[in-house]
Amino acid sequence: MAKLDMNEFKMLRDFIELHCGIHLDESKTYLIETRLTTLMAEQGCTTYSDFYFKAKNDTTNVLREKIIDAMTTNETLWFRDATPFNAFQKHFLPHFAKEIASGKKSRIRIWSAASSTGQEIYSIAMLILDYCRLQTSLRPEHFELLATDISPTVLFLAKAGRYDTHVISRGLPEEMKKKYFKTDGKIWVIDDSVKKMVNFKKLNLQEDFSFVGKMDLIFCRNVLIYFSEELKKNLLHRFGNLLKPGGYLIVGSAESISNYSTEYSLHTFEKAMYYQIK
């Protein structure tokens with residue numbers, strides 16, 4: 001296996017940060033080696049320098065997309081970390097129901113900004129459907145759900161809504177599985193009532209995303225930790241511009257935005273933390 005030297009690391013690190021925002025310090029050389037070596041071999045490259053220049057000069061951007069797929073962490077599961085979804089079910093949904101019933105709002109827009117293979121946004125959709133069954137003031141059509149990711153591969157999987165037994169077992173409550181999934185051989189397929197609620201789009205968070213429109217709630221969980229301080233500040237500011245007055249931002253349980261933005265106030269509900277635009 002080719003050895004990655006420091007010059008090659010710096011070239012590939014800068015290429016990766018330029019195209020998907022992931023910031024790698026010099027302690028992360030192993031990530032490039034472990035995630036790109038197979039792809040490098042598939043491209044017929046014998047050194048990381050050859051691989052870098054091939055990616056840089058690829059006018060089709062196919063290799064760039066493969067590098068992004070390899071380097072982006074797509075770890076996800078149903079109702080991941082539980083507490084944000086508990087807050088969504090017990091706090092946000094009743095709040096949104098009151099706003100709809102009072103006529104203050106006619107539609108609630110929610111964005112999963114790094115949706116991976118779809119578990120986060122589908123978990124949100126299932127909670128909405130469950131809640132709407134319990135009362136009449138809120139209906140699924142009151143919601144507009146957007147899910148975006150930089151990786152075309154994970155978006156393809158998310159749109160398909162088809163999951164194997166291992167994936168389906170990671171965090172999905174049994175009652176949700178019974179209500180919202182059916183089997184197709186060894187594959188679990190999400191119900192159309194859930195799927196039709198979500199609009200998936202490819203999006204790089206480094207680029208302008210004002211076109212997605214104003215949002216009531218943004219989920220951007222376990223993403224900021226991979227970005228540089230400059231990109232974190234920039235991204236949080238742009239999220240703030242997109243949130244409706246009083247809109248909400250939920251980040252990962254291990255993430256804090258206090259060092260990067262003063263535009264939000266921190267709130268808690270039970271064990272969940274969330275931010276509200278000031």
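Guide: Two strands count as paired here if DSSP finds at least two bridges between them. The model is a predicted one.

Visitor: Which way do strand 1 and strand 7 run, and how many bridges join them?

Guide: Strand 1, residues 108-112, and strand 7 run parallel, with three bridges between them. Within that pairing, W111 has I218 of strand 7 as its bridge partner.

Visitor: And how many bridges join strand 7 to strand 8?

Guide: Five bridges, and strand 7 and strand 8 (residues 243-251) also run parallel. In that pair, M215 is opposite L243 of strand 8.

Visitor: How many of the residues of strand 7 are buried?

Guide: Six of the six, covering residues 215-220, so strand 7 is largely enclosed by the rest of the structure.

Visitor: What do strand 7, helix 11 and strand 8 make?

Guide: They make a β-α-β unit, and it is right-handed; helix 11 covers residues 229-242.

Visitor: What about the loop between strand 7 and helix 11; where is N222, and what is its phi?

Guide: N222 lies in that loop. Its phi is near 60 degrees, which is positive in a residue other than glycine.

Visitor: Is N222 buried or exposed?

Guide: N222 has 18% relative accessibility. The cut-off for buried is under 20%, so N222 counts as buried.

Visitor: Where is S228 found?

Guide: S228 is in the loop between strand 7 and helix 11. With a relative accessible area of 16%, S228 is buried.

Visitor: What does the side chain of S228 have at 3.2 Å?

Guide: A polar atom of the S228 side chain lies 3.2 Å from the backbone nitrogen of L231. Setting aside neighbours within four places in sequence, S228 is in contact with E17, G21 and H23.

Visitor: Back to strand 8. What is V251 in contact with?

Guide: V251 is part of strand 8 and is buried, at 6% relative accessible area. Leaving aside neighbours within four places in sequence, its contacts are C220, R221, L224, I257 and Y275.

Visitor: How far apart are the C-alpha atoms of V251 and M273?

Guide: They are separated by 8.3 Å, with V251 and M273 22 residues apart along the chain.

Visitor: Changing topic: what span should helix 2 have at 1.5 Å a residue?

Guide: Helix 2 has 14 residues, 29-42, and should span 20 Å; its end C-alpha atoms are 20 Å apart, which agrees.

Visitor: Where does helix 2 bend?

Guide: At L36, by about 50 degrees. L36 is also among the buried residues of helix 2, along with L31, I32, E33, T37, L39 and M40.

Visitor: What covers the buried residues of helix 2?

Guide: The cover includes helix 1 (6-20), helix 3 (48-56) and helix 4 (62-71).

Visitor: Which residue just after helix 2 takes a positive phi?

Guide: G44, with a phi of about 75 degrees.

Visitor: And N61, what is its phi?

Guide: The phi of N61 is near 65 degrees, a positive value in a residue other than glycine. N61 is placed in the loop between helix 3 and helix 4.

Visitor: How does N61 count for accessibility?

Guide: N61 counts as partly exposed, at 30% relative accessibility.

Notes. Residues numbered from 1 in each chain as written. Predicted model: local features only at pLDDT ≥ 70, side-chain atom pairs only at ≥ 80, totals over all residues. Heavy atoms only, no water. Buried < 20%, exposed > 50% of the residue type's maximum accessible area, 1.4 Å probe, protein only. Helix = DSSP H or I, 4+ residues; strand = E, 2+ residues; numbered from the N terminus. Right-handed = clockwise from strand over helix to strand, strands pointing away. Expected span 1.5 Å × (residues − 1). Bend = angle between axes of the 7 residues up to and from the residue. Contact = heavy atoms within 4.5 Å. Polar contact = N/O pair within 3.5 Å; in protein donor to acceptor, adjacent residues only side chain to side chain.
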